[in-house]
Amino acid sequence: MAGGIRHNVSDDELQENHEINVTPFIDVMLVLLIIFMVAAPLATVDINVDLPASTATPATRPEQPLYLTLKEDKSIAVGNETISRETLGSFLDQRTQGDKETRVFLRADRAVDYGALMDLMNGLRDTGYLKIALVGLESVSPRPAPTGEGVQ
């Protein structure tokens, strides 16, 4: 018996039982287990997608990356030189010695609209440069909260 009472024949008083009754503890743990077993499948996304496997190794970083920048006024710069859209293909061919496999790192100002960026990417594709990498800033910390008037 789990919670037995010990009776001393010589005494009329009952002795205290110093054993821990673990039955309620086990009951609570089993209820929690059932709750988690029911709730765990509900917390997962159940969309069947057949994802392809990749065995690609990370690309090596070039020693002299080719940066193409789309400025706020929609002018184009390769490195530090500003060029026109008409001379983009020939300038890139000259800079890369005609190697169309060169990865072009594309940067754009935050104020540039999406359509202008897509036009530049289409221009790169038309000239034969298909390896385009978009460059952005890594955020180190979240933006500071705006300060309101009267808040101290």
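Which strand is T69 found in? Here are a few notes to read beside the model.

1. T69 sits in strand 1, residues 66–70. Strands here are DSSP runs of E with at least two residues, and helices are runs of H or I with at least four, numbered from the N terminus. Do keep in mind that this is a predicted model, where local features need pLDDT of at least 70, side-chain atom pairs count only at pLDDT 80 or more, and totals for chains, interfaces and linings use all residues. Residues are numbered from 1 along each chain as its sequence is written, and side-chain values use heavy atoms, with hydrogens and water left out.

2. T69 counts as buried because its relative accessibility is 16%; buried means under 20% relative accessible area, exposed over 50%, and partly exposed in between (1.4 Å probe, protein chains only). Its side chain makes a polar contact with the side chain of R107 at 3.1 Å. For such a contact, N or O atoms lie within 3.5 Å; within protein, one must be able to donate a hydrogen and the other to accept it, and residues adjacent in sequence count only if both atoms are side-chain atoms.

3. The largest nonpolar core has 17 residues, and L68, L70 and I76 are among those touching the most other members. Such a core joins buried Ala, Val, Leu, Ile, Met, Phe, Trp, Tyr and Cys residues through side-chain atoms within 4.5 Å. Helix 3 (114–126) gives the most to this core, four residues.

4. Two loop residues other than glycine have positive phi: K74, near 65°, between strand 1 and strand 2, and Q97, about 55°, between helix 2 and strand 4. K74 is partly exposed at 42%, while Q97 is exposed at 71%.
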